[in-house]
Amino acid sequence: MSNKVKVSIGIPFYNPGKYFFDSIKSILLQSFTDFELILIDDGSMDGSLDIAKSFKDNRINVISDGLNVGLPARLNQIIDLAEGEYIA
């Protein structure tokens, strides 16, 4: 039997604003826990990468290459990185 997670949740972000912390926290507080959370920074300059890295949860994978390549590229990157049976 595989240790694969059921759901991969992907959030690409670029300067997401004041609700970013709360949106991550909301995902982590769900009753369903069999997931990974992939947070991909798209070159943010507002401190949001620090917010993403501030969470200490082994289900979170924070990715940053410092580039701004756009939403389609980041969504494809999430698909490539996802290990879950389903992607959200």
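Hi everyone, let me start with a pair of residues: Leu 37 has Ile 60 as its bridge partner in β3. The chain gets there from β2 by way of α2, and this β-α-β crossover is right-handed. The strands β2 and β3 run parallel, with 5 bridges joining them. Please keep in mind that this is a predicted model.

Let's stay with Ile 60 for a moment. What does Ile 60 touch, if we skip residues up to four places away in sequence? The answer is Ile 24, Leu 28, Leu 37, Leu 39 and Phe 55. That brings us to the core. The largest nonpolar core has 14 residues, and Ile 60 is among those with the most contacts inside it, together with Ile 24, Phe 35, Leu 37 and Leu 39. Two or more residues each come from β1 (7-13), α1 (20-28), β2 (35-41) and α2 (48-53). Of the elements, α1 gives the most to this core, with 4 residues.

So, on to that helix. The buried residues of α1 are Phe 20, Ile 24, Ile 27 and Leu 28. Why do they lie on the same side of α1? Because they cover an arc of only 100° around the axis. As a reminder, an α-helix has 3.6 residues a turn, so residues three or four places apart point the same way. And what do the buried residues of α1 pack against? They pack against β1, β2, α2 and β3 (60-64).

Ser 44 is in the loop between β2 and α2, while Ser 48 is in helix α2 itself. Are they buried or exposed? Ser 44 has a relative accessibility of 17%, so it counts as buried, the cut-off being under 20%. Ser 48 is buried too, with a relative accessible area of 2%.

The side chains of these two serines are joined by a polar contact of 3.2 Å. The side chain of Ser 44 also reaches the backbone nitrogen of Asn 15, at 2.8 Å.

Finally, the surroundings, again leaving out neighbours within four places in sequence. Ser 44 touches Phe 13, Tyr 14, Asn 15 and Pro 16. Ser 48 is in contact with Phe 13, Asn 15, Pro 16 and Phe 20.

Key: Residues are numbered from 1 along each chain as its sequence is written. This is a predicted model: local features need pLDDT of at least 70, side-chain atom pairs count only at pLDDT 80 or more; totals for chains, interfaces and linings use all residues. Side-chain values use heavy atoms; hydrogens and water are left out. A nonpolar core is a set of buried Ala, Val, Leu, Ile, Met, Phe, Trp, Tyr and Cys residues joined through side-chain atoms within 4.5 Å. Buried means under 20% relative accessible area, exposed over 50%, partly exposed in between (1.4 Å probe, protein chains only). Contact means heavy atoms within 4.5 Å. The arc is that of the directions from the helix axis to the C-beta atoms. A polar contact is a pair of N or O atoms within 3.5 Å; within protein, one must be able to donate a hydrogen and the other to accept it, and residues adjacent in sequence count only if both atoms are side-chain atoms. Two strands pair if DSSP finds at least two bridges between them. A crossover is right-handed if, with the strands pointing away from the viewer, the path from the first strand over the helix to the second runs clockwise.
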